[in-house]
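Biologist: Thanks for sitting down with me over this one. Could you put the sequence and the structure on the screen, so that we can go through them together?

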Amino acid sequence: MTQKDPKLRVLPSPLLKQPNTSARVMRDVIYALLPATVAGVWLFGVGALLVLLGAIAGTIWGEYVFSPVAERKIRLGDSSALLTGLLLGLSLPPTLPIWMAVLGGLVAIGLGKIIWGGLGHNFFNPALVGRAFLLATFPAAMTNWNAPAGLATIYQSNLAWPFLQGNYDMITSATPLGLMKFQHHSTAFSNLIFGNTGGCLGETSALLLLLGGGYLLIRRAIDWRIPAGIFLSVIVFSGILWLINTKYPDPIFALSSGSLMLGAIYMATDPVTSPLTPRGAWIFASGIGFLIVLIRVFGGFPEGVMYAILLMNAVTPLLDRITQPRMFGTPKTNPLQPGKKS
Amino acid sequence: MLANTFLHEFQHGVHPPEHKDYTAALPTQRMPFMGQYILPLNQNLGAPPQPVVSVGDRVLRGQPIAEPKAFFSSTLHSPVTGWIRAIGKRRLAEGDFQEAIEIEADPYATQRLDPQPRPDWRKMSRDELANEVKRAGIVGLGGAALPAHVKYVLREGVKIKTIIANGAECEPYLTNDHRIMLERPQAVLQGLEILQTLLEAEQCLIGVELNKADAIAELQRHIKPDQSIKVVPLRVKYPQGDSKMLIKSLLGIEVPKGVRSADLGIIMNNVGTLAAIADWFEQGLPYIDRRITVSGPGVKQPANLLVPLGTPVREVLRLCGGLREDTKEVIVGGPMMGIPIASLDAPIIKISAGVLAFTDKEAARPQEYPCIRCGRCVEACPYFLNPSKLARLAKARLFEEMKNAGVGECVECGSCTYACPSGIPIVQLIRSARADISRKKGKSS
């Protein structure tokens, strides 16, 4: 009895926790994006790196400035702002003026996340909110594409002064989707896979993005149903169109071009803005795939991933409500009329 | 064949690390009798039994010290020969003070309990069976503490089809049910046979998780050819031992919300409860010794022990070499649903399945992040509730909405909280909301 009792804590059970934490999930997504990020900088040069850093600086600055003082450390500690910045940066053209990237980051966090109540409360993917803002505000700069020019490239436009920029008179080259849409040119599959095409700085290499996706699946950081559902529905819908008339892009091209990989694996899977339930996830994913094909083929823009995801983000609360799983030991209910038996 | 037995397995659930290797291979040891024993009166669901002894009385091991005054109650016996030292409030594992009887063991008594013949159970009626089980002080040892006899009083017209022995033991670390199936398979089977005969059940099933293959083999070896008892291996998955989940896994039946499984002709008992029933009918031995697992990284010498009821946790731990210095939390029960104790004076009661000690490494509460709506809790909940929604409603104290969201079905298994990457104490939020709801009810009525 001489031994003193240790001071015991009374933390409620369960004491065991699975090892994944929200912060670790965010960091895993960041790690998964690193190969594509390095490839983007390698292909598009130091200018692309500056755009990327600008976007990240914008989101972190936004998180810091817009958060209550007491919560700053915790909010920055969950790495979600860093991830938003990285995703935003990767979805920007490498020629973008850096100040626009910073502004996009600020808007992504401020308008995309903080005004909704911070992490976990926003309806729309913050990175895409930032990108949509930039596309609406600076349409010319946001659609100024360049063929990969190597590591030692800084674009003149990168260093433009805020609101004082001149005109862009540089050699531009269309993206594979632009070529397809406006000139009905297909791009070689190998270029699409390795990223040797014009486009946003992180979206061009389908292979590296898939590789990161594999890592995320192993780490169980994302819901596999969402990329799987998007791929499937893009294949089905673009396949149908292609079978009707081969002037439409074939499914393989549809899958490997544009920001589809980036969007399907890294943006649509954002847990906050995607449905809670497995069934909801399937509907959400097929909706995105359908909208991508619809916008790409019939819309005014060559690319539709961003709007497809944002539109389905808006439907997510509804999907959550109608895909509530049936409680154990209760009869089936009609999802559209909760409370009533079907 | 195995694939077929998993056909009906309950969906969702989680796979926590098992950690059973600390104690799975250790034979159960009897704890020596010594010192003070604290016996809370309220060791069963329902009404606590009332004391029938007074301070200073000498009591014998196995002698009733509190008798039930209601149907939902159970007898309490003295676990040791000794003297009643006090009857009054004592601090229990939950941290609150409750009426308890304190007994000091007689250091010179043999503490031997000779078998006492009971009337032949084969000639008993169901009511007599229920009465006997009530007198034996047997409660549901799986954790619910429902007086065992309550289940054997059937509603008019109900015919029992299946009796299930719950040997799933899905809580990590715990191995006491494993050991009872290995060491006393005949007692478990005997208990089943008594119930099957008296309740006229068609078949008996014993559900055992596959991580206890030796116990499965041992039970199978002892089943006589004329017995209609089947051992069913189950996949290792939490909460396989939850009664409704086990019924789903074994029979494919979803017990409807608000329905007692007995009304569907299904009776379930923990393997320990069955062995206790056999002990009473064969030897007249009341329920006074609890088989527990003492384990966890904070315990120096993990063990399976047979301890008299009322033994303070401190004595149990002392027998196991004490706690490591860096122990931060001691839990009575399993790590998923057990009760953390603030003081080592808390006694072992009828449903205490284990004493687990954890160091800083395991008991560290993670930083709580906002819910990122990842849906892992939704995919963990075996009752198909939406735990993230319940947690959100609990934080906002929207109790009425919680009821609509099915909080009444929650069995507090903790799967959601285990799965949550944001470290939100979901099940704790639900527990306290429920406590608030029942407090409000108490006030208004």
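Biologist: Which residues of helix α10 in chain B are buried?

Modeller: A word on ground rules, as this is a predicted model: local features need pLDDT of at least 70, side-chain atom pairs count only at pLDDT 80 or more, and totals for chains, interfaces and linings use all residues. Residues are numbered from 1 along each chain as its sequence is written, chains are lettered from A and ligands numbered from 1 in the order in which they are written, and side-chain values use heavy atoms, with hydrogens and water left out. Helices here are DSSP runs of H or I with at least four residues, strands are runs of E with at least two, and both are numbered from the N terminus; buried means under 20% relative accessible area, exposed over 50%, and partly exposed in between, with a 1.4 Å probe and protein chains only. For α10(B), residues 387–395, the buried ones are B:P387, B:S388, B:L390, B:A391, B:L393 and B:A394.

Biologist: Which residue just after α10(B) takes a positive phi?

Modeller: Step just past the end of that helix and look at the backbone there. The phi is about 55°, and the residue is B:R397.

Biologist: What covers the buried residues of α2(B)?

Modeller: Helix α2 of chain B runs over residues 126–135, and its buried residues are B:L129, B:A130, B:E132, B:V133 and B:K134. After the helix comes B:G137, with a positive phi near 75°. Contact means heavy atoms within 4.5 Å, and the cover includes α4 (185–199) and α7 (271–283) of chain B.

Biologist: How many helices and strands does chain B have, and what is its radius of gyration?

Modeller: Chain B has 13 helices and 17 strands. The radius of gyration is taken over C-alpha atoms, and the globule rule is 2.2 Å times the number of residues to the power 0.38. That rule gives 22 Å for 445 residues, and the chain comes close to it, so chain B is as compact as a globular protein of that length, with a radius of gyration of 21 Å.

Biologist: And what share of chain B is buried?

Modeller: The C-alpha trace spans about 60 × 50 × 50 Å along the principal axes of chain B. Of its contacts with a separation of 6 or more, 73% are between residues 24 or more positions apart. Out of 445 residues, the buried share is 59%.

Biologist: Is B:V59 buried or exposed?

Modeller: B:V59 sits in strand β4 (residues 58–59) of chain B. Leaving aside neighbours within four places in sequence, its contacts include B:V53, B:I65, B:V80, B:I84 and B:I103. With a relative accessible area of 0%, B:V59 is buried.

Biologist: How far apart in space are B:D226 and B:L317?

Modeller: B:D226 belongs to the loop between α5 (213–222) and β11 (229–234) of chain B, and it is exposed, at 68% relative accessible area. B:D226 and B:L317 are 91 residues apart in sequence, and their C-alpha to C-alpha distance is 44 Å.

Biologist: How many disulfides are there over all chains?

Modeller: A disulfide is a pair of cysteine sulfur atoms within 2.5 Å. For B:C420, the closest cysteine sulfur is in B:C374 at 6.4 Å, too far for a bond; B:C420 is buried, at 9% relative accessibility. Over all chains, the count is zero. B:C410, buried at 15%, is likewise in no disulfide, its nearest cysteine sulfur being 6.5 Å away in B:C416.

Biologist: Turning to chain A, how many helices and strands does it have?

Modeller: The C-alpha trace of chain A spans about 80 × 55 × 35 Å along its principal axes. Buried residues make up 56% of its 342 residues. As for secondary structure, chain A has 15 helices and zero strands.

Biologist: Where does A:S91 lie?

Modeller: A:S91 is buried, with 4% relative accessible area. Beyond its neighbours within four places in sequence, it is in contact with A:R131, A:C200, A:L262 and A:M267. Its place is the loop between α4 (80–90) and α5 (98–112) of chain A.
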